[in-house]
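Open the model in your viewer and keep the selection tool at hand. The stops below tell you what to pick and what is there.

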Amino acid sequence: MKVLVIGASGLVGSHLLQTCQQRGWNVMGTYHNFAQPGLIPFQITDAVGVRSLITESQPEVVFLPAFCSNVDYCEQNPDETYQLNVVGCVNVAQATRDVGAKLVFYSSDYVFNGENGPYQETDRPDPICVYGRQKLEVEQKISQLLDNYLICRIAWVYGQEAQGKNFVLRLISTLKNNQIIRVPQDQIGSPTLATDIAEASCRLVEVGAQGLFHTTGIDCMNRYQFALKVAEVFGLQTDTLVPVITSELNQAAARPLKCGTRCDHLRQTLNWNSRGVVDGLNCLKNAQMV
Ligand SMILES: NC(=O)c1ccc[n+]([C@@H]2O[C@H](COP(=O)([O-])OP(=O)(O)OC[C@H]3O[C@@H](n4cnc5c(N)ncnc54)[C@H](OP(=O)(O)O)[C@@H]3O)[C@@H](O)[C@H]2O)c1
């Protein structure tokens, strides 16, 4: 299988790269600012460059985790991030369709308003921030442009990461240094191990699945509870872990509070489940990834 991972230097992309390589697939990956050995420099907003990369490499599958995922930055810079997040992803979608390849796009539970989670695929999206609206717009454009696509909605991703910016790695390092970290106890979500997203994605490709899938971990909990689990599994003191409510954080973008996703469709399609929180954290720990 010949595949292209656009955004292979990021958290999800690096695990996709690894999982595809473990399967013996012929994988090419791109980076933008964070150069990594073997990856190709690539700018998703350059429509001509997007088309030539995809046309020349002729992949059978294009995985697309590239996006500006900084929710507050998207809120404060809606026009700039629209170019990357919507126009850039549509560039990839069109070029992927034109070479007859499958597109796998990574969306988010932020397409929901967070009033009534956990959500399934048939629930109505109603985003309450710029990032969520951009995700939904890309979902809609992909479903109009292509037949052969997967949209994987993911959430609260953690795992080994060269840039070390995901919540779990930052939390571990903050608690180890006895520094204060304020964590909201009113945001509910589905923590997801990055390797499970990669495994689910490859399995969905292998069985020829198409359409929308919630592809998260199986547990739903609030972020403070999640932080306590991290501390427990990694044997860290929690004296500097401070529960707060989201409004105290004065963030630019509104957060969907009662979110989380249900993955029945994924389980039924693959006869496979992603991990719950304790399993996922132990997997991270046992692999001595941190
Ligand atoms: N992490 C989460 O908790 C989470 C939750 C829900 C949904 N998601 C979605 O899942 C996807 C992957 O997330 P992630 O955490 O892996 O993100 P990430 O670590 O920030 O990775 C983003 C990737 O996109 C690349 N990129 C950024 N700007 C680019 C540009 N202009 N042109 C080409 N590539 C560009 C980055 O390259 P460089 O690093 O080299 O600059 C990086 O490889 C995103 O769509 C995100 O919104 C993530």
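**Stop 1: the start of the chain.** Select M1 and show its contacts. Leaving out residues up to four places away in sequence, M1 touches W25, N26, E60, V61 and V205. M1 sits in the segment before β1 (2–6). Its relative accessible area is 36%. M1 and W156 are 155 residues apart along the chain, and their C-alpha atoms are separated by 29 Å.

**Stop 2: colour by confidence.** This is a predicted model. The mean pLDDT of the chain is 97, and 99% of its residues reach 70 or more. Where is confidence lowest, and where is it highest? Helix α10 (residues 277–286) has the lowest mean, at 96. Strand β5 (residues 102–108) has the highest, at 99.

**Stop 3: the ligand.** Select the ligand and the residues around it. There are 30 of them, and S9, V12, Y131, K135 and K165 come nearest. By class, the shell has 17 nonpolar, 10 polar and three charged residues.

Next, colour the shell by element. α1 (11–22), β5 and α5 (130–145) each supply at least two residues. Which of the elements gives the most to the shell? It is β5, with three residues.

- Y131: an N or O atom in the side chain is 2.7 Å from an oxygen atom of the ligand.
- S69: a polar side-chain atom lies 3.0 Å from a ligand oxygen.
- P65: here a backbone N or O atom lies 3.4 Å from an oxygen of the ligand.

Switch to a surface view. The ligand taken alone exposes 900 Å², and the protein buries 88% of that.

**Stop 4: S107 in β5.** Stay with the strand and select S107, which is found in β5. Is S107 buried or exposed? Its relative accessibility is 2%, so S107 counts as buried. The S107 side chain makes a polar contact with the side chain of E139, at 2.6 Å. Beyond residues up to four places away in sequence, S107 touches K135, E139, I151, C152, R153 and I154. K135 is also among the residues that come nearest the ligand.

**Stop 5: a cis peptide.** Move to the loop between β5 and α5, where P118 is placed. Select G117 and P118 together. The peptide bond from G117 to P118 is cis, with omega near 0°.

**Stop 6: helix α8.** Select residues 223–233, which form α8. Which residues of α8 are buried? They are R223, Y224, F226, A227, V230, A231 and V233. The buried residues pack against β7 (157–158), α6 (167–176), β8 (181–184), β12 (221–222), β13 (241–244) and α10.

Look at both ends of the helix. Just after α8, G235 takes a positive phi of about 65°.

**Stop 7: the loop between α9 and α10.** Start with N271, found in the loop between α9 and α10. N271 has a positive phi of about 55°, although it is not a glycine. With a relative accessible area of 73%, N271 is exposed.

Then select S274, in the loop between α9 (264–270) and α10. Its relative accessible area is 5%, so S274 is buried. What does the side chain of S274 reach? It reaches the backbone oxygen of T216, at 2.5 Å. Not counting residues up to four places away in sequence, S274 touches D196, T216, G217 and I218.

**Stop 8: one more backbone angle.** Finish at Q58, in the loop between α2 (47–57) and β4 (61–64). Q58 is not a glycine, yet it has a positive phi of about 45°. Its relative accessible area is 42%, so Q58 is partly exposed.

Key
Residues numbered from 1 in each chain as written. Predicted model: local features only at pLDDT ≥ 70, side-chain atom pairs only at ≥ 80, totals over all residues. Heavy atoms only, no water. Helix = DSSP H or I, 4+ residues; strand = E, 2+ residues; numbered from the N terminus. Buried < 20%, exposed > 50% of the residue type's maximum accessible area, 1.4 Å probe, protein only. Contact = heavy atoms within 4.5 Å. pLDDT = per-residue confidence, 0-100. Near = heavy atom within 4 Å. Polar contact = N/O pair within 3.5 Å; in protein donor to acceptor, adjacent residues only side chain to side chain. Areas by Shrake-Rupley, 256 points an atom, 1.4 Å probe, with all protein chains shown as cover. Nonpolar A, V, L, I, M, F, W, Y, C, P; charged D, E, K, R; others polar.
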